[in-house]
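Visitor: I would like to learn how to read this structure feature by feature. Could you take me through it, giving the general idea before each case?

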Protein chains: 2
Amino acid sequence: MGPLTVAGAGLVGSLLALYLAQRGHAVQLLDRRPDLRLRQRSEGRSINLALSDRGWRALEGVGIADDIRQVSIPLYRRVMHDRQGQLTGQPYGAAEQAIYSVNRDQLNRTLLDLLEERPSVQLRFGQQLQRLDLAGRTLHLRDVATGQEHAEPYTELFGADGAFSSVRGAMQRTDRYNYSQDYLEYGYKELTIEAGPDASWALEKNALHIWPRGQYLMIALPNLDGSFNATLFFPYEGPTSFAALPDAAAVTAFFAAEFADAVPLMPRLAEEFFANPTGSLVTVRCFPWHTAGVLLLGDAAHAIVPFYGQGMNVGFEDCTVLDGLLDAHGDADWPAVMAEFEQQRKPNADAMADLALYNFVEMRDRVGDPRFLLQKRIENKIAALHPTRWVPLYTRVTFSHLPYAEAWAAGQRQDAVMAQLMPHIQTEADFNGPAVQARLAEELARAGV
Amino acid sequence: MGPLTVAGAGLVGSLLALYLAQRGHAVQLLDRRPDLRLRQRSEGRSINLALSDRGWRALEGVGIADDIRQVSIPLYRRVMHDRQGQLTGQPYGAAEQAIYSVNRDQLNRTLLDLLEERPSVQLRFGQQLQRLDLAGRTLHLRDVATGQEHAEPYTELFGADGAFSSVRGAMQRTDRYNYSQDYLEYGYKELTIEAGPDASWALEKNALHIWPRGQYLMIALPNLDGSFNATLFFPYEGPTSFAALPDAAAVTAFFAAEFADAVPLMPRLAEEFFANPTGSLVTVRCFPWHTAGVLLLGDAAHAIVPFYGQGMNVGFEDCTVLDGLLDAHGDADWPAVMAEFEQQRKPNADAMADLALYNFVEMRDRVGDPRFLLQKRIENKIAALHPTRWVPLYTRVTFSHLPYAEAWAAGQRQDAVMAQLMPHIQTEADFNGPAVQARLAEELARAGV
């Protein structure tokens, strides 16, 4: 038996390889790109991701959570910036609950360093999957450095090669393959909020910052060096869009009007705006995720938009789930493990894709709405009164291990209750009135919350 | 200026080429396959399609409706066959309204013959589109007979090359292309109901026959020679499925139990069941349909499942709509014509895709349900009472030129009315009671029907 093959040495592929190696398998990890650890740290753009409970559990499973915690920054709340620079805070959960800002490159480097320490793992960079022969279980690889092509067999193949997966590409060409790719009419642009004096943070450090503006938004997550990575999510076309900002003067004027409090912290704004690419935002759904000897995981199986901060977490949770199934079925019955993985995981990935699109509207639009902020405060009161019955949706998604599909269904039941309740509430004090309390009890019973 | 290029010499591509030639354009029609007119008529399977008002109008637009009418068979009603061979009829519309059974090959041959008569049209078979360079407006064609490849420029390209379109394949590889392909978990198998003595029809000739069986169904459409083409729509997997009928004995026993009245008319049943391929049922949605110099039409833009009998009609209506836009914009402003075609047509194609999936459930399941048949009779009574306000959904789709999206929206409003009304109706006579009539008036007003 040859080694297990993992395609894609990104975050999910690397973590999966660690899990498989920990179980005693020989593993080879293939990637089309060069080893990112050979790059200068200054090269390329810095990207921050939000790590939350599902991701942490996956890291704990291979004993590396503590290492990563050293280089992450806890974010305890959202801070909304209005056009006048007024700030409004909203905690993510209970006092000690946080999501964590981590640098994507640094996390990936750490995972690769850990893989390199394991003799049973072979890292093979610069190997492009030209063609995948599913029936013959053969990889046709091209060595990027030499241009040489060769074929080699595989035993089991894990496609963790991202939203534009080559492994999935081969599966798509089989009969009756369900597939969709849906793009938002929004792109994103990464920008830098510079560190203050002595590498201090010019905005509140332990928060995710949001500039909600109705039809678009900017967010920022902190880095260890005092800077923040900001991301503008913005329409491609239309009166307020990338297409409508053709030059530095237009960009500067637009930011001065819309993000006035951030502009003094963004001295390289116009330069970065045109030097950095505009990223697109895609949701990929497909089915099946497995065929004989091949399983898709991570973005290859379920790319989602970034608005719930769960993209990496859902992929990492894939690794935890797979590890659990190997515990249950043993490490030899791959057909059973792959089939059950797909059955368990597909509805949860679909729910997470829906949640991410739902949160796009919420972050862009609703978090700037006083009625919505009032509703969130009322929901917090309900949660305080009924802590076991009313767990906020964000908490279920971010700070629990409940399957995403169950979290989403519970969230929809809560939305229905709030839609009945909010017309009777104008201020926080109204919540305590007997009529509202009676209605709440009735709605909770009716919704089965 | 070179000729206009149409990719795909199937039904929609051929009809489109006729329309463009009629407007005075030089046209070349490319197809990967050989000219189907060179095949013996006995080769290949016979496939029948349902032609209805939208399709007829498109044929009238190039003056060939009368020719086709000669070789078509009007079907005035559905005839449902239950397990005991009991028949129940249901008219499609008013007395003179019918859908028409036509032979796909014969229709395609007629269109190609008409194209051949036109000196401005060049038919080029055996030309496979290997690669499409959208930026360079260049086709890379492979001559199937010689294996030779060559490149040639195009001015405007119309992709009418079907559900697995190569033209769309090139567009899919551009950034931010929205695409989905969704397969039903059902396949179809074509079978033959033989002609009776002296080429007579062994079942009612002017009807579409349906054997609804809850989780699957068989249908049959008449041919001119007295036979019927039957199609079984059946699950791929499960207790009652293709997978569960592994041999002739199993097929024969299953048909004897489920389609007893048809079996004596199907002497080649078991042989055909294993000789004929199992077809899959896909819905393809994509957007955009056009890019500079390229427009998708027909199944290439919107492949749908066959359960509303509209697949060919929606493609033919594409030709009528495009012709109308050329009347409006002139024959030189292709960017405006293509952009408006896509805007007008996309919502209607999406609605038709939804309708076809909706009718799958209706044909498979509901037409065998006495409550549903009662509802249909009540709807006919409402339509008789309120002929301008209550046009049945099937009539709007099949016997009108109303945009599909409007037909579908009206149908959903009617469904909402019937959902309120039917709990109060146990027999046809109940409809005339004052309480039901009052409720009907109220529901009609509320639904804005």
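Guide: Let us begin with the interface, where buried area is the accessible area (1.4 Å probe) that two parts lose on being put together, summed over both. In this predicted model, chain A and chain B bury about 1200 Å² between them, with 41% of it on carbon and sulfur atoms. On the side of chain A, the residues that lose the most area to chain B are A:Arg176, A:Gln181 and A:Tyr183, which together make up 46% of what that side buries.
The conventions are these: local features need pLDDT of at least 70, side-chain atom pairs count only at pLDDT 80 or more, and totals for chains, interfaces and linings use all residues. Residues are numbered from 1 along each chain as its sequence is written, chains are lettered from A and ligands numbered from 1 in the order in which they are written, and side-chain values use heavy atoms, with hydrogens and water left out.

Visitor: How many residues does each chain bring to the contact, and how many residue pairs are in polar contact across the interface?

Guide: Contact means heavy atoms within 4.5 Å, and by that rule chain A and chain B each give 12 residues. A polar contact is a pair of N or O atoms within 3.5 Å, where within protein one must be able to donate a hydrogen and the other to accept it, and residues adjacent in sequence count only if both atoms are side-chain atoms; 6 residue pairs across the interface of chain A and chain B meet that rule, both residues being at pLDDT 80 or more. Strand S13 (residues 178-193) of chain A gives the most to the side of chain A that touches chain B, with 6 residues; helices (H or I, at least four residues) and strands (E, at least two) are DSSP runs, numbered from the N terminus.

Visitor: How should I read strand order within a chain, and which strands stand at the edges in chain B?

Guide: One sheet of chain B is open and has 6 strands in the order S8-S2-S1-S12-S19-S18, with mixed pairing. Strand S8 (121-124) and strand S18 (290-291) of chain B stand at the edges with a single partner strand each, so one side of each is left without a neighbour in the sheet. Strand S2 (residues 27-30) of chain B runs parallel to S8(B), joined by 4 bridges, and B:Leu29 has B:Leu123 in S8(B) as its bridge partner. Helix H1 (residues 11-22) of chain B packs on the sheet, touching strand S1 (4-7), S2, S8 and strand S12 (157-159) of chain B. The direction of H1 makes about 175 degrees with that of S2(B), where axes are lines fitted to C-alpha atoms, for helices over the stretch in contact, and angles run from 0 to 180 degrees between N-to-C directions.

Visitor: What is the order of the open sheet of 3 strands?

Guide: Its order is S3-S7-S4 (chain B), with antiparallel pairing. Strand S3 (48-51) and strand S4 (73-75) of chain B are its edge strands, each pairing on one side only, and neighbouring strands of this sheet are turned by 35 degrees against each other on average, direction ignored.

Visitor: Where should I look for backbone values that call for a second look?

Guide: Most residues other than glycine have a negative phi, and most peptide bonds are trans. A cis peptide bond joins A:Phe287 and A:Pro288, with omega about 0 degrees, and the peptide bond from B:Phe287 to B:Pro288 is cis, with omega near 0 degrees. B:Arg176, a residue other than glycine, has a positive phi near 55 degrees, and its place is in the loop between helix H5 (166-172) and S13 of chain B.

Note on methods
Pairing = 2+ DSSP bridges.
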